[in-house]
Amino acid sequence: MVTTNGRHIVIVGGGIIGCTTAYYLSRHPSYTSDSDTITLLEASQHGPAQGASGKAGGLVAKWAYPKELVDLSFDEHVGLAEEHNGKERWGWRYVNCGSWEGRGEALNEQRLTGPSGTDASEKSLKKTLGLPGGSKPRGSKSRKAKGLPDDLQWVKENLTDAYLPMAKAGDTAQVHPYLFTTSIFELAKEHGVKFIAAKATSIIQADSKVVGVEYEDNATRQTTMVPATHVIVAAGAWSPTLVQALPISATRAHSITIRPQPNVQIAPYVLFTEIALPKRLGGGASPEIYARPDNEIYVCGSGDDSALPDCVDDVVVDQTACDALQNHVSSISDEIRHGIVEKRQACFLPVVSTGGGPIIGEAGHIAKGLYLATGHTCWGICNAPGTARALAELIMDGRIKSANLKKLRPFPNT
């Protein structure tokens with residue numbers, strides 16, 4: 001039963017932003033389960049982390065963007081891993097990260113493009129936006145001159161033109177995004193966070209203040225309302241369905257996971273590739289390749305403009321896009337070529353159309369007590385702990401103490 005006193009915080013969205021925000025709120029010194037309630041709403045029938053938060057690469061980098069948020073978030077990731085045994089629970093580790101340029105071997109005469117019918121609308125995910133410019137590698141002949149590390153054996157040396165580290169040691173790490181999100185969610189529940197499997201349909205206001213969230217229960221399909229003094233919209237690409245003025249668009253991105261043969265060990269590298277291919281096979285591709293601690297290989301490519309469905313459970317996977325990813329990375333690695341594709345998946349990334357994003361803070365001009373945390377693009381996993389800590393401070397203390405995020409406030413010109 002919800003009492004009349006205290007804070008009644010409703011978080012819409014069970015992705016990494018919503019789950020980490022629930023975690024940080026539940027561990028804030030001012031939070032008490034006797035008077036405060038924290039409720040997480042998630043529309044998926046399958047629980048948290050069903051969208052981008054469970055299907056991302058899991059890169060955590062000091063060179064990500066925006067800088068003011070990354071500086072806070074990276075340190076929070078380190079602290080969370082130390083406190084909760086992140087190495088075992090969610091695959092936390094520091095990882096080598098580099099830019100690789102080379103040529104791909106033609107596996108067949110199939111055109112190695114992205115989603116069927118969407119060649120013209122393929123979109124860069126701009127993940128390297130935070131890196132200094134002018135750092136592309138240059139071709140050379142010997143392994144040493146190419147810059148190819150001795151332990152990076154799972155890409156072919158003879159196909160490599162150049163390799164260049166993207167950051168110094170200790171500036172890039174990784175997590176398994178699904179395990180990280182679900183682990184943080186479980187830790188939040190241990191501190192009293194409630195969970196409702198439901199699709200939020202509207203934010204209820206009275207006297208220019210939020211008073212609740214209306215939702216449709218996933219099991220009963222009945223509509224009801226949960227009272228709220230604070231509402232946090234962290235629904236990723238679906239956030240504009242609740243706050244229509246949000247400058248958020250959706251980009252669909254595909255990915256696959258590959259399991260190498262049992263006797264193959266994949267050295268810990270994340271590669272941002274530029275693969276040259278014959279024009280008849282597409283001309284070239286730029287997949288990202290992530291070696292994970294459990295020896296799984298994750299691969300993702302560019303995005304497209306596919307329409308956003310009503311729910312994360314309705315996301316359609318284009319098999320052509322997944323096949324192209326497999327062919328692209330197989331063209332530079334025998335270890336990948338002989339592996340087994342275990343997952344073919346797609347998700348939608350929330351992209352801020354003005355200002356670069358993400359959007360973090362109170363949207364008081366819409367309603368007092370309404371908070372936004374969305375638009376993290378492909379850096380949601382990386383920047384989630386910093387976002388969550390900032391929101392917890394803003395709600396519990398009245399201001400953000402740990403970072404200066406004024407540039408990320410909702411609708412700063414209103």
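## Terms and basis

Two strands are said to pair if DSSP finds at least two bridges between them, and strands (E, at least two residues) and helices (H or I, at least four) are DSSP runs numbered from the N terminus. The model is a predicted one, in which local features need pLDDT of at least 70 and side-chain atom pairs count only at pLDDT 80 or more, while totals for chains, interfaces and linings use all residues. Residues are numbered from 1 along each chain as its sequence is written, and side-chain values use heavy atoms, with hydrogens and water left out.

## Paired strands

Strand 8 (residues 194-206) pairs with strand 9 (residues 209-217) in the antiparallel sense over 8 bridges, and Gln205 has Val210 in strand 9 as its bridge partner. These two strands form a hairpin with 2 residues between them, where Asp207 in the turn has a positive phi of about 55°.

Strand 9 also runs antiparallel to strand 10 (residues 223-227), to which 5 bridges join it, and Gly212 has Pro227 in strand 10 as its bridge partner.

## The largest nonpolar core

A nonpolar core is a set of buried Ala, Val, Leu, Ile, Met, Phe, Trp, Tyr and Cys residues joined through side-chain atoms within 4.5 Å, where buried means under 20% relative accessible area (1.4 Å probe, protein chains only). The largest such core has 67 residues, of which Leu25, Ile232 and Trp379 touch the most other members, and helix 9 (residues 380-397) gives the most to this core, with 10 residues.

Note on methods: Buried < 20%, exposed > 50% of the residue type's maximum accessible area, 1.4 Å probe, protein only.
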